[in-house]
Amino acid sequence: MSLPVTAERLCQLTRDAGRAALPWWQHNPEVITKADDSPVTAADLAANQLIVDGLRALTPEIPVLSEEAADVPLDQRQHWDRFWLVDPLDGTKEFIAGSEEFTVNIALIEHGQVRFGVVGVPARNTLYWGGAGLGSWRQQGNAAAQPIHCRTPSMPLRIVASRRHTSPEQEALLDRLQQAHGTELAAVGSSLKFCVLAEGAADLYPRFAPTSQWDTAAAQAVVEGAGGRVLGLDGERFAYPHRTDWLNPHFIATGQPDDALLRLLLG
């Protein structure tokens with residue numbers, strides 16, 4: 001199935017949304033705490049408005065679901081075979097702290113699976129995009145886009161993880177991997193963790209702590225286009241079914257693991 005809009009237009013929309021957010025970056029933006037205790041700033045809202053308006057103009061026939069506009073009841077969403085899934089500013093805590101590690105995520109979901117995604121890193125003027133069977137690319141500034149590929153794992157395993165979220169289950173997995181292969185751990189914010197994996201700079205991203213669907217979909221597409229995999233703990237491709245809430249189950253994103261490493265990860 002072909003994409004409903006060109007990758008170039010989606011990349012430009014992602015780039016524009018990042019530029020809309022940047023005036024508040026490193027300028028102590030006012031922070032509002034939402035009902036789920038997550039923060040939101042004027043930058044989130046500005047990027048969200050630009051993306052939602054842009055997608056509705058480009059593809060008026062496709063619904064848009066965004067973190068900042070997610071009040072769509074399940075009985076309406078469950079009839080969507082195809083929709084845009086958006087996080088206008090992933091890593092808001094990193095943004096507030098002045099870190100560069102925040103992203104703009106736009107994904108196309110079809111029949112519960114991610115088809116294509118674009119991830120922008122506004123503070124680095126960098127874009128990543130791709131999808132399973134389509135390939136993945138990285139563009140830095142105005143330079144020509146370059147194809148990116150996951151790497152075959154090297155030892156010690158280089159693992160990317162959240163700066164702010166972990167769990168006993170995740171720490172237990174890291175201990176097993178350390179004992180079996182040795183590990184190097186890099187703390188990275190937002191969906192940028194997936195992109196580090198996709199560009200061949202890391203081997204593994206385990207996530208046994210809460211995420212929402214809009215946090216992961218676009219970057220999953222980039223990993224899969226680069227030859228990697230994002231798996232639930234049942235070993236199946238990570239999916240985006242319609243649910244009453246937006247929370248993801250736990251998952252593991254990998255580069256190109258062999259069967260022995262997969263058994264260790266999922267066993």
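How do strand 12 and strand 14 pair, and over how many bridges? They pair in the antiparallel sense, over four bridges. Strand 12 covers residues 204-207. Two strands count as paired if DSSP finds at least two bridges between them, and helices (H or I, at least four residues) and strands (E, at least two) are DSSP runs numbered from the N terminus.

Before I go on: this is a predicted model, in which local features need pLDDT of at least 70 and side-chain atom pairs count only at pLDDT 80 or more, while totals for chains, interfaces and linings use all residues. Residues are numbered from 1 along each chain as its sequence is written, and side-chain values use heavy atoms, with hydrogens and water left out.

Back to strand 14. Strand 13, residues 229-232, is also antiparallel to strand 14, again with four bridges. Thr-254 in strand 14 stands opposite Leu-204 and also opposite Arg-229. Both faces of strand 14 are covered: Phe-251 and Ala-253 are buried on one side, Ile-252 and Thr-254 on the other. Buried means under 20% relative accessible area, exposed over 50%, and partly exposed in between, with a 1.4 Å probe and protein chains only.

Now the cysteines. Why does the structure hold zero disulfides? A disulfide is counted when two cysteine sulfur atoms are within 2.5 Å. The sulfur of Cys-11 has its closest cysteine sulfur in Cys-195, 12 Å away, so that is too far for a bond. For Cys-195, the closest cysteine sulfur is in Cys-150, at 10 Å, also too far. Cys-11 is buried at 5% relative accessible area, and Cys-195 is buried at 0%.
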